[in-house]
Amino acid sequence: MTIEQLRATPAQDESCDSGAESCGPVPAGPARAVEGLRGRITADGSSGFPAEPGRYHLYVAWGCSWSNRAAVVRRLMGLEDAVSLSYVDDSADGRGWVFGGSSGPDPVNGFSRLREAYEATVANWPGRASVPALWDRLGGRLVSNESGAISLDLCTQFKAWADPSVDLYPLPLREGIDAFNAWIHHDINNGLHRVGHESDPARHAEFFDILFDRFDVLERRLAANRYLFGADVTEPDVRLWLSLARLDVAYPGLLATSLARPEGFPHLWGYARDLYRLPAFRETTNFDVIRQNFADNFDQLHPERVVPAGPAAATTVGRWELPHGREALSEHS
């Protein structure tokens, strides 16, 4: 694939599986339909899955960026009492994602592994058992395992139980948000993975150039705006956050992107720290698990599975808590 083709490639949906324990794109081709659960929640119930408080449960993983996205959105919207949430264990075994270890038992169904939720939905489930996964208590089945759909439904379909001051997907901005999300997804969220996985020096350099170009674009945009679309957090901020948190603590040692640490871009780095000050981002982020998860996930690049040397957790959190100085931008955004 040429760089021009790369730029034009549409974004893929994302979820995290436990076979490779990766947060990479869902495979294309025949397996794609098998692995996809694409039910949607609607406020009026027209989809067959009406938005109701207490009906749905979200299964996520601390180390998975895509399930982290859904967890952040749920917290930002103030839906903790409307949509429950629990974590699978921080790592998986040969059976896939499991419950009962460091993250505790499955509080909804008593499952010992996430695959049981998939098999309750489709008998002899042939695909991966990935996170995030949205469970319908009433129907006794999964609704969706696609992070984008889950996040947007949490943004838009649970307004009756959400914080009325929060709108992560404002109607007048939706066209711009959709385009910006596709750009972030392809060139940054997945761009970091392309850099890390590319072994050919020439292509690695090309991918790196694309990545740095995107950081430059964001740096200019954030010089004048507190958040990506002005004075308020919107859904693209959540999507970008997934990569910025990992760029600091995981990608440098594991994916050969040490030159792209966020502090090399002062507005971008201040913006990332600004987001971290918000409880929704802080409370859904575990830097230790992120780092270990990447060491486990990329064993093809690092078969020794050694967590790279770097700041201890307390030091990492301390750096993220440094003053960001971006408050005044809200007055001008």
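**Salt bridges and burial**

Reply: Arg 69 and Glu 235 join their side chains in a salt bridge, N to O at 2.7 Å; the term denotes a side-chain nitrogen of Lys or Arg within 4 Å of a carboxyl oxygen of Asp or Glu. The model is predicted: local features need pLDDT of at least 70, side-chain atom pairs count only at pLDDT 80 or more, and totals for chains, interfaces and linings use all residues. Residues are numbered from 1 along each chain as its sequence is written, and side-chain values use heavy atoms, with hydrogens and water left out.

Me: How many residues apart are Arg 69 and Glu 235?
Reply: Arg 69 belongs to helix H3 (residues 65-76) and Glu 235 to helix H8 (residues 235-249); helices (H or I, at least four residues) and strands (E, at least two) are DSSP runs, numbered from the N terminus. The pair links distant parts of the chain, and the separation is 166 residues.

Me: Are Arg 55 and Asp 136 buried or exposed?
Reply: Arg 55 forms a salt bridge with Asp 136, with the closest N and O atoms 2.7 Å apart. Arg 55 lies in the loop between helix H2 (30-35) and strand E1 (56-60) and Asp 136 in strand E3 (residues 133-136), so the pair ties together parts 81 residues apart in sequence. By relative accessible area (buried under 20%, exposed over 50%, partly exposed in between; 1.4 Å probe, protein chains only), both Arg 55 and Asp 136 are buried.

Me: Which residue forms a salt bridge with Asp 274?
Reply: Nine of the eleven residues of helix H10 (residues 266-276) are buried, so this helix is largely enclosed by the rest of the structure. Asp 274 is among those buried residues. Its salt-bridge partner, at 2.7 Å between the closest N and O atoms, is Arg 226.
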